[in-house]
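Let's take a look at this structure together, starting with a sheet and moving on to a pocket.

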There are 2 protein chains.
Amino acid sequence: MKPSPEFSLIQQYFHALTTRREDVIVGIGDDCAVLNNPQDTYTAVSIDTLVQDIHFFADVDPYRLGIKALAVNLSDLAAMGAQPAWFTLALTLPEINDDWLKQFSAGLAYIAKNHQIQLVGGDTTRGPLTITIQVHGHVAKHNILQRNAAESADLICVTGCLGDAAAGLQFRLGQLETGLLTDTDIEYLLQRLEMPTPRNQIGQQLIGKAHAAIDVSDGLLADLNHILNASDKGAKLDVSALPFSAALKKLPTEMATQLALTGGDDYELCFTATVDNVARLKHQFSDMIHVIGEITEDEGMYYQNAHGEWQAFSAIKAGYDHFA
Amino acid sequence: MKPSPEFSLIQQYFHALTTRREDVIVGIGDDCAVLNNPQDTYTAVSIDTLVQDIHFFADVDPYRLGIKALAVNLSDLAAMGAQPAWFTLALTLPEINDDWLKQFSAGLAYIAKNHQIQLVGGDTTRGPLTITIQVHGHVAKHNILQRNAAESADLICVTGCLGDAAAGLQFRLGQLETGLLTDTDIEYLLQRLEMPTPRNQIGQQLIGKAHAAIDVSDGLLADLNHILNASDKGAKLDVSALPFSAALKKLPTEMATQLALTGGDDYELCFTATVDNVARLKHQFSDMIHVIGEITEDEGMYYQNAHGEWQAFSAIKAGYDHFA
C-alpha cells in the first residue's frame, strides 16, 4: 500500500534508454528528473495510456507494444511540429516477467533511439497491465501547429496511407475477409496496427507551411472534424483520393474507404495548407503527402456521390467524444 | 481498441483546474499542451501511479483520493526544491461514475489551487482504476536539491511527524490496537494516510540551505538510505528524537518507533544541512523541523541501544528495491 518511488525495475531493463542527452541534468534515480530547456522554445507535452484488452491484445508481441506505446505519443508531438526530447514511463505490471520486460524495453529503445528521445523518469507499480507515457518536445516560440488555424481554400492533406491499422484490427478480431490478401499483406496490416510510424520528420517540416494539423488516431473524419470545429470551417473531401496501401487496394473499394474514413489508429498526420505550400511539401516528401480535399468557409463535411452531387457525411463516427 | 486522444471527460469534470496560469500557451484540447518555461530555470518532472487495491482501498473517499494523487507528486517536487507549475492526468476508470468523478476532481482542484499548479493535459481510458499524474516544476539553475550531496557532520532533519500514515493503514487493515486512541486520533491518522501534506513551501526554502533532500514515501530508513548510498556516507540516528504526533504518542513507544522508521507514506521531507543552516530553518519553520541524527563519514546506519552502545539497524526495510 505504498508507491514505488524508486525505479530499480526501469533502471534494470531500461538503462540503455536513460543515458544520452546533454540537456538532462538529473535523470532517473532522484525524486524528479531535472531538464534544461533550450532558449526561445516552448515545451510541448502529451500523455497517453494504453490499457490491455482496451488498446491492445494480451498476446501482442511485447517488442511491438514497446514501439507503439511511444509511437502514439510521438505522433502527438508530430502534430504540433515539436522536436522530441524526453519521455517518462509509468508502467503497471501484473508480475515481473523477465522475457516480456526485455522485449518491451527493446522495442521502446528502438523507437526512442530513432527519435533521439530519452527516458528521464518513471514509476513501476503492480496491477493490471497499463502503460502511460508522457513525451516532452521543443517547439520554437510563435511557431506552433494547432488545430484551430485552418483557412478557407486550404488544401486538406494526409501523410502515408489510411485504413491499414483498422484492417489489421479487423483481421485480429476475425472480421476481415482475407480471401484476396496474401500473408505478406496481412503481416503488413498487422504491422501498421501494432507498430505505427509517427510522422515527426514531416510534422517538424510543417512549421511555417501548414495552417492546422492533427494526428489521425480516432479516424480521419473524427480527427478532421476537430480541425473544422476548432477553426470554424467546413470541408469538401475527394473520397476517391484517399491514399490506400497495396494491401488495402485488394479489398472492395467501399470497405477500404470506410476503413480509411473512420478506422483510426493510423497515426498519420492530417493538415491544411495553401496550394503553394502543399506543392513545396509534396516536392520535399514526394509520395508521402496526399491531397484529399479542401477547406470551405461553410461548416459541414461533404463528399461527391456517384451522381456528382455534394452530400454531407451522414454518420461521422464521433470518436472525439468517446471513452475508450 | 483505440486510444482516447480527446479529453472530453477531463474537460467536463476538471475544467476548473484548467484555466489560470499565463505560462500555459496551449492547454487541454489540442494534441499537446504548450508551455512557456521561465528563463534561467530547469524543469523538474516526476510521474507517479496509484493503482486501486495496491495504493488505495476501493472504498476510499474519492475527494481524499484526488488530493493524495496530486500530493504524492507535489512531494517529489518539494524534495527537489522545485516550484510547482503544471500537471497532467492519465485516468483509467472502469466506468463513468458521475458522483465519483465530481468528488475526485473537487479534491484534485482543492490541492491544485493551494499549490498554484494547473492541469494542462491528460488522457482518459477505460480499465481498472489507475491514476497517473506527472508534475512539472521550476527550479533555478545550479540550485537543485539532490540526494547525493550529504556531507559529514550534517544534521539529519525531518519535517512534521513520522509514522502516522502507517498507523492509519494498520487501522484500515484492522491491525491497530486502538484501545488507547480516541475517534479523533483515528480520524487524524486516516487523514495523514489519505490526504498527506506535501511540504513544498519548506522544500523551496531548503534551496541553498540543505545539502541533500528526499521525501519520505517508503519509510524513513529506506529513504534516508537513498541519501546515504547516493552520498557515500553513513548516519547515526537518535531514535528518541523521532517526531511523533499526539495520536502516535499514545501507542507503545516501540510500536510508534517502528512505524516511524519503516512505515512510509508520510510524504514528509528528510534532509541534511549544517548546524548553522538547521538553526536558520528551525527559526523559520519552528516546530516543523526536527533533528533526528547526524551524517557520518563511515557508511552504515546506527542507533544507540538501551546500553548506550551504537548498534547497526539490523533489518532496514529495503523499500527502495521493492515492486509495489
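Before we get to the sheet, one working definition: two strands count as paired if DSSP finds at least two bridges between them. Also keep in mind that this is a predicted model.

## The sheet in chain B

With that rule in hand, 7 strands of chain B come together as an open sheet, and the pairing is mixed. Reading across, the order is β8-β10-β7-β11-β9-β12-β13. The edges belong to β8 (210-216) and β13 (310-312) of chain B; each has a single partner strand, so one side of each is left with no neighbour in the sheet. From one strand to the next, the twist averages 30°.

Helix α2 (residues 62-80) of chain B lies across β8 and β10 (268-273) of chain B, and α2 runs at about 170° to β8(B).

## Around β12

Strands of a sheet can pair either parallel or antiparallel, through backbone hydrogen bonds. β12 of chain B gives us both kinds to look at: β12(B) runs parallel to β9(B) and antiparallel to β13(B).

Take the parallel side first. Strand β9 (residues 234-237) of chain B is joined to β12 (residues 300-304) of chain B by 4 bridges.

On the antiparallel side, 3 bridges link β12(B) with β13(B). Here B:Q304 stands opposite B:W310 of β13(B). The two strands make a hairpin with 5 residues between them, and B:G308 in that turn has a positive phi of about 80°.

## The largest pocket

How much space lies in the largest pocket? About 430 Å³. The lining is made up of 20 residues, and those closest to the centre of the pocket are B:N114, B:H115, B:P198, B:N200 and B:Q201.

Which elements of chain B give two or more residues to the lining? They are β4 (83-93), α3 (98-114) and α6 (200-206). Of these, α6(B) gives the most, with 5 residues.

As for make-up, the lining residues split into 10 nonpolar, 9 polar and 1 charged. Both domains of chain B have a share in the pocket: domain 1 (8-140) and domain 2 (155-321) each supply at least three lining residues.

Conventions:
Residues are numbered from 1 along each chain as its sequence is written. Chains are lettered from A and ligands numbered from 1 in the order in which they are written. This is a predicted model: local features need pLDDT of at least 70, side-chain atom pairs count only at pLDDT 80 or more; totals for chains, interfaces and linings use all residues. Side-chain values use heavy atoms; hydrogens and water are left out. Axes are lines fitted to C-alpha atoms, for helices over the stretch in contact, and angles run from 0 to 180 degrees between N-to-C directions. Contact means heavy atoms within 4.5 Å. On a 1 Å grid over the protein atoms alone, a cavity is a set of points where a 1.4 Å probe fits but cannot get out, and a pocket is an open set with protein on both sides within 12 Å along at least five of seven lines; lining residues have an atom within 4 Å of a point. Grid points are joined across faces, edges and corners, and a volume is the space filled by probe spheres set on the points. Ala, Val, Leu, Ile, Met, Phe, Trp, Tyr, Cys and Pro count as nonpolar, Asp, Glu, Lys and Arg as charged, and the others, Gly among them, as polar. Domain bounds come from an automatic or database domain assignment.
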